[in-house]
Amino acid sequence: VGIDIDSGRTLNAVLEGECRRSHPDTDRDLVGLTIPDWPRIREIAVHAARISGLGYTGIDLVIDDDMGPAILEI
């Protein structure tokens, strides 16, 4: 799912090279959603990338009901 970095809104989704508007298992919308707590998620990702010292990173995050945003892996 592609996310607009400034707003946190989902723009598009692709599965196996095909554009999708909904999740294949649940049929829930994937496009046009706003990611909750987006400014905090973006802040965490930027901070993790900087302290990793890798120069270029992918930061995988989840939103836990109790903890809020959490890093899965860098």
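Tutor: Happy to! Let's begin with exposure: a residue is buried under 20% relative accessible area, exposed over 50%, and partly exposed in between (1.4 Å probe, protein chains only). Glu-43, with a relative accessible area of 48%, is partly exposed, and Arg-40 also counts as partly exposed, at 38% relative accessibility. Keep in mind that this is a predicted model, where local features need pLDDT of at least 70 and side-chain atom pairs count only at pLDDT 80 or more, while totals for chains, interfaces and linings use all residues. Residues are numbered from 1 along each chain as its sequence is written, and side-chain values use heavy atoms, leaving out hydrogens and water.

Now for the contact itself. A salt bridge here is a side-chain nitrogen of Lys or Arg within 4 Å of a carboxyl oxygen of Asp or Glu. By this rule the count comes to one salt bridge: the side chains of Arg-40 and Glu-43 meet with 2.7 Å from N to O.

Helices are DSSP runs (H or I, at least four residues) and strands are runs of E (at least two), numbered from the N terminus. Both Arg-40 and Glu-43 sit in helix α1 (residues 38-52). Because they are three residues apart in that helix, about one helical turn separates Arg-40 from Glu-43.
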